Amino acid sequence: MTDIKNIQHKAFLFDATRCIDCRACMISCSVENNIPMNKTRIWVAGVGLKGEYPNLDRASMVFHCMHCEEPDCLSACPVGAYSKRPDGPVLYDSDKCIGCRYCMNACPFGVPHFDYDKGLIQGAFIDKCTMCPQRIDNGQEPACVATCPTDALMFGERADLLKEAHARIQAHPDRYVDHVYGESENGGTSYLILSHVPFNELGLPNLGPTPVKDVSEAVMGVTIPFALTWGAILTGVTVGVHAYNQKKEAAGEKLVDAESQAQETK
Amino acid sequence: MKMQISINPRLRIHPNPLVVVLVTLMGIAFIVAMVRYVYGIGAISDLSYSYPWGFWISFDLFTGVAIGSGAFVMAATVYIFELKEFQPLLRPSVLTGFLGYMMVVIALLVDLGHPERIWYMMIHMNPTSVLLEIGLCVMSYLTVLAIEFAPVVFEGLKWQKFAHFIHKFIMPFVILGVVLSTLHQSSLGSLLLIQPAKLYPLWWTPILPVLFFISAVSIGLAMVIFESSVSSRYFHRGLEIHLLEKLARAIPIVLAVYLVVRFTQLTLANDLHYLLNSGLMSILFWTEILVGSVTPLILFSLKRIRQSPNGLLTGSIVLLVGMILNRFDVSWFAVRHPDPLTYIPTFMASNVHYIPSLPEISISVGIFSAGILAFGLAARYLPLFEDEEKSSTALALQAR
């Protein structure tokens, strides 16, 4: 395996058929990143038991930041507190954050969390998964991946993981849903998901291949030209209306003058 | 021995009961805000991971900006189209606009996690963010409104020279103000464009900004009629019914355009099937359309209604209620957040349902009361309602 430091496009692969819902990833994440007990950057969705005995089924899904290729949080943040590292991680800079929580609205996965329990002095910030840059830059896997006992979570080059995912589907077409979630969803994500139940049952939203930010960015792109044009039109209207009114007034005065002259001559 | 008791004449205040109520509400909001600043937003509100925005955004931001739209509509009418007859309606609308936007800013100072950093928008700009555009527009438009309203304050202080000075240079600011208003009234709709997966398809459309702008014009007209009607009743002054009648004629046209655009969009987007079979969402949609657009369209088409003070007031209230419902729908009721019960650990205490808490509402109520009080004080101490002939605005317009 290539050294993690040298991976060009880092990504996760999660396989729901392998997850045993042990939540060790949650513990290791909180320990690694020093997260208080009442918060978490990673959480496990449990769909609960399905089916009837003896054909019982159960699915769980590990959620953390999807590290989108084209992050919507980054597009939405008014002060540019988010950034996307070329090798994958989407990072958040608390020094710029104004606490508007627009990123929470923008993220279709509900990933960024806000400190509702902190006042002005403690400082209320957004918290989200960072892909453990402190570890991956040292050649280690992120804490959640390193801890996972069943390899349900894997880490590596995105292209390799995609190949691996498709290979697993091909090897067991009866076991998997024939789709890798995150390959194209929301413009592609650095968190790829394999599942044996429909993805929306795991709590994942149905998203198209274009990122949700596209329309809003297109509108923002035409804003300044529109403002300039609109300003020019309004200026034109103002000048035009004023000239027209003055002309009308002058004509009216002439009429009055003519009338008064006519009266005088009488 | 005879006791001599002298009572010093004390300062006696006989407050108006309405003022007492308003000041009390403001006091409550202030205390609640202090609790929020010490213990966090969660201590006073029901906002959660799944509902990051709630009552404050829907009421103070969306409604506050909407009811401020009378200012740019009247400024455009009087200054740009030179319909000077409407000039007696200008000052109260500019003041309402100013107060509406102040309400937005003060509410944001409570709602933002870091209110002390609100100015970061001016140094760290992310050009793709709609919220940045709104923030910058609101900041600059508030300045423009202050400039537009300054002559009234100067006249109140009897500093006629300053008032005339500002009037000389008012036109560029008026045009800037109309451009800024167009931008952020529509951008308020663009704010929701980033939620195609969350906002119900009856509301989410790429032309949300267009719809927001058209409805803002109708709200502006209705707001001018509403505030003239109410202040003529409360301050016992004459009602410029002939002006309001003319203004009201424009409303059916604007609303007709709005309805045509909205239903054309739904047809083109193939969303018509949502109109009847989406339960609560269908009900909200039809309530909003019938109350906010159809009913006022019919009412203001009738000359009898337009010429009666009660008809004007009723029509404008119906329109405002319906259109404010639209703002609530778009920013709150029709937004489907992911259901966190399926995947957020219970210890994170995130709510599936969002019901604004009482302290949360009290903040908005307090800020709104401050706005009403400020309007009342201005009406009492400033030449807010000018005579049609001798005001400096009229003089300035004639001098141009």
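**Figure 1. Surroundings of A:Val219 in the predicted model.** With 21 C-beta neighbours inside 10 Å, A:Val219 counts as buried, because the threshold for burial is 20 or more other C-beta atoms within that distance. The model shown here and in the other views is predicted. A:Val219 is placed in helix α7 of chain A, which covers residues 214-221. Leaving aside residues up to four places away in sequence, A:Val219 touches B:Ser190, B:Leu193 and B:Pro209.

**Figure 2. The contact between chain A and chain B.** To this contact chain A contributes 55 residues and chain B contributes 52 residues. On the side of chain B that touches chain A, at least two residues each come from α1 (17-39), α5 (120-123), α6 (130-156) and α8 (170-190) of chain B. Of the elements on that side, α8(B) gives the most, with seven residues. Sorted by class, the side of chain B that touches chain A consists of 35 nonpolar, 14 polar and three charged residues.

**Figure 3. Packing of helices α4(B) and α6(B).** Helix α4 of chain B spans residues 90-111, and its axis comes within 9 Å of the axis of α6(B), the two crossing at roughly 145°. The crossing of α4(B) and α6(B) is left-handed. On the α4(B) side the residues that meet α6(B) are B:Arg91, B:Val94, B:Leu95, B:Gly97, B:Phe98, B:Tyr101, B:Val104 and B:Val105, while α6(B) brings B:Val138, B:Tyr141, B:Leu142, B:Leu145, B:Ala146, B:Glu148, B:Phe149 and B:Val152 to this contact. By class, the contact of α4(B) with α6(B) holds 13 nonpolar residues, one polar residue and two charged residues.

**Figure 4. The largest nonpolar core and the residue A:Cys103.** The largest nonpolar core comprises 178 residues, and those with the most contacts inside it are A:Cys103, A:Leu192 and B:Ala75. Helix α9 of chain B, residues 208-234, gives the most to this core, with 13 residues. Not counting residues up to four places away in sequence, A:Cys103 touches A:Cys73, A:Ala76, A:Cys77, A:Tyr82, A:Pro112 and A:Ile126.

**Figure 5. A:Lys84 in strand β4 of chain A.** The strand in which A:Lys84 is found, β4 of chain A, runs over residues 82-84. A:Lys84 is partly exposed, since 17 other C-beta atoms lie within 10 Å, and this count falls between the limit of 12 or fewer for an exposed residue and that of 20 or more for a buried one. With residues up to four places away in sequence left out, A:Lys84 touches A:Pro71, A:Leu74 and A:Val90. A:Lys254 stands 170 residues from A:Lys84 along the chain, and the C-alpha atoms of these two lysines are separated by 70 Å.

**Figure 6. The two chains as the setting for the close-up views.** Chain A contains eight helices and nine strands, whereas chain B has 16 helices and zero strands. Buried residues make up 39% of the 266 residues in chain A and 47% of the 400 residues in chain B. In chain A, 59% of the contacts with a separation of 6 or more are between residues 24 or more positions apart; in chain B, 79% of the contacts between residues at least 6 apart in sequence join residues at least 24 apart.

Notes. Residues numbered from 1 in each chain as written. Chains lettered and ligands numbered in written order. Predicted model: local features only at pLDDT ≥ 70, side-chain atom pairs only at ≥ 80, totals over all residues. Core = buried A, V, L, I, M, F, W, Y, C linked by C-beta atoms within 7 Å. Helix = DSSP H or I, 4+ residues; strand = E, 2+ residues; numbered from the N terminus. Contact = placed C-beta atoms within 7 Å. Nonpolar A, V, L, I, M, F, W, Y, C, P; charged D, E, K, R; others polar. Axes fitted to C-alpha atoms, helices over the stretch in contact; angles between N-to-C directions. Left-handed = near helix turned anticlockwise from the far one by under 90°.
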